[in-house]
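I opened this notebook to record what I looked up in one structure, entry by entry. The sequence and the model follow.

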Amino acid sequence: FNPDTPKGQRSREQMYDILAAFSVRDQNNGYCQGLNFVVAFLLLFLSPEEAFWMLCVIVEKLLAGYFSKSMTNSQIDSAVFQDLVKQRLSKLHHHLSSLGVPLDVVFAQWFLTVYTLRFPSES
């Protein structure tokens, strides 16, 4: 969103309103870094109300435990993904490990933004 345009400002306000409403609705999860990217992506295709309810479904049903304070399920999936990379892409795993690149840092952005940073906005 370009905050210098009226549409961009309105979109940022809608995103803020959705995230604030969600943090009140679901105090177990509240706001977690990365949800702003999910909401921004949803607002490209849905009305603010639809984006709010879709966020509720994503966080509370589809990815339950991903955005909780402990982030248990996202940590579990990250560990599984690391094991898969180690088993299936051993050369890549070895290379990244030799460089000291922690795989969980790489995967965290993908998981916590639900890959929305990797989608072209036209898709």
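**Terms and source.** I call a residue buried under 20% relative accessible area, exposed over 50%, and partly exposed in between, with a 1.4 Å probe and protein chains only. Helices (H or I, at least four residues) and strands (E, at least two) are DSSP runs, numbered from the N terminus. The model is predicted, and local features need pLDDT of at least 70, side-chain atom pairs count only at pLDDT 80 or more, while totals for chains, interfaces and linings use all residues. Residues are numbered from 1 along each chain as its sequence is written, and side-chain values use heavy atoms, with hydrogens and water left out.

**Entry 1: the whole chain.** I counted 6 helices and 0 strands in the protein chain, so that the order of elements from the N terminus reads α-α-α-α-α-α. The C-alpha atoms fill a box of roughly 50 × 30 × 20 Å along the principal axes. Of the 123 residues, 32% are buried. I took accessible areas from the Shrake-Rupley method with a 1.4 Å probe, where for residues only the protein chains shown count as cover. The chain exposes about 8,000 Å², and carbon and sulfur atoms supply 59% of that area. I set contact as heavy atoms within 4.5 Å. Among contacts between residues at least 6 apart in sequence, 57% join residues at least 24 apart.

**Entry 2: helix H1.** Which residues of H1 are buried? I found Gly-8, Ser-11, Met-15, Ile-18, Leu-19 and Phe-22. They cover an arc of only 95 degrees around the axis, and therefore lie on the same side of H1; the arc is that of the directions from the helix axis to the C-beta atoms. I noted the background: an α-helix has 3.6 residues a turn, so residues three or four places apart point the same way. The buried residues of H1 pack against H2 and H3. On the other side of H1, Pro-6, Tyr-16 and Val-24 are exposed. Tyr-16 has a relative accessible area of 59%. I also took the C-alpha separation of Tyr-16 and Leu-92, which is 39 Å for two residues 76 apart along the chain.

**Entry 3: the salt bridge.** I applied this rule: a side-chain nitrogen of Lys or Arg within 4 Å of a carboxyl oxygen of Asp or Glu. The count comes to 1 salt bridge. It joins the side chains of Arg-25 and Glu-60 at 2.9 Å, N to O. The pair links distant parts of the chain, with Arg-25 in helix H1 and Glu-60 in helix H3, 35 residues apart. Arg-25 is partly exposed at 43% relative accessibility, and Glu-60 is partly exposed at 23%.

**Entry 4: Asn-29.** Is Asn-29 buried or exposed? At 9% relative accessibility, Asn-29 counts as buried, and its place is in the loop between H1 and helix H2 (35-43). Leaving aside neighbours within four places in sequence, I found Asn-29 in contact with Phe-22, Val-59, Phe-67 and Ser-68. Asn-29 and Phe-67 are 38 residues apart in sequence, yet 5.6 Å apart in space, C-alpha to C-alpha.

**Entry 5: Met-71 and helix H4.** Met-71 lies in the loop between H3 and H4 and is partly exposed at 22% relative accessibility. Its phi is near 55 degrees, a positive value in a residue other than glycine. For helix H4 (residues 72-88), 17 residues should span 24 Å, and the end C-alpha atoms are 24 Å apart, which agrees. The buried residues of H4 are Ser-74, Ser-78 and Val-85. They cover an arc of only 40 degrees around the axis, which puts them on the same side of H4. The cover over these buried residues includes helix H5 (90-98) and helix H6 (103-112). The face turned away from the buried side carries the exposed residues Lys-86 and Gln-87.

**Entry 6: a surface patch.** I built patches from residues with over 30% relative accessible area and no salt bridge, joining like charges within 9 Å and nonpolar side chains (Val, Leu, Ile, Met, Phe, Trp, Tyr) within 5 Å. Met-54, Val-57 and Leu-62 form a nonpolar patch on the surface, with about 270 Å² of accessible area together. Leu-62 lies in helix H3 (residues 48-62) and is exposed, with a relative accessible area of 62%.

Notes: The expected span of a helix is 1.5 Å times one less than its number of residues.
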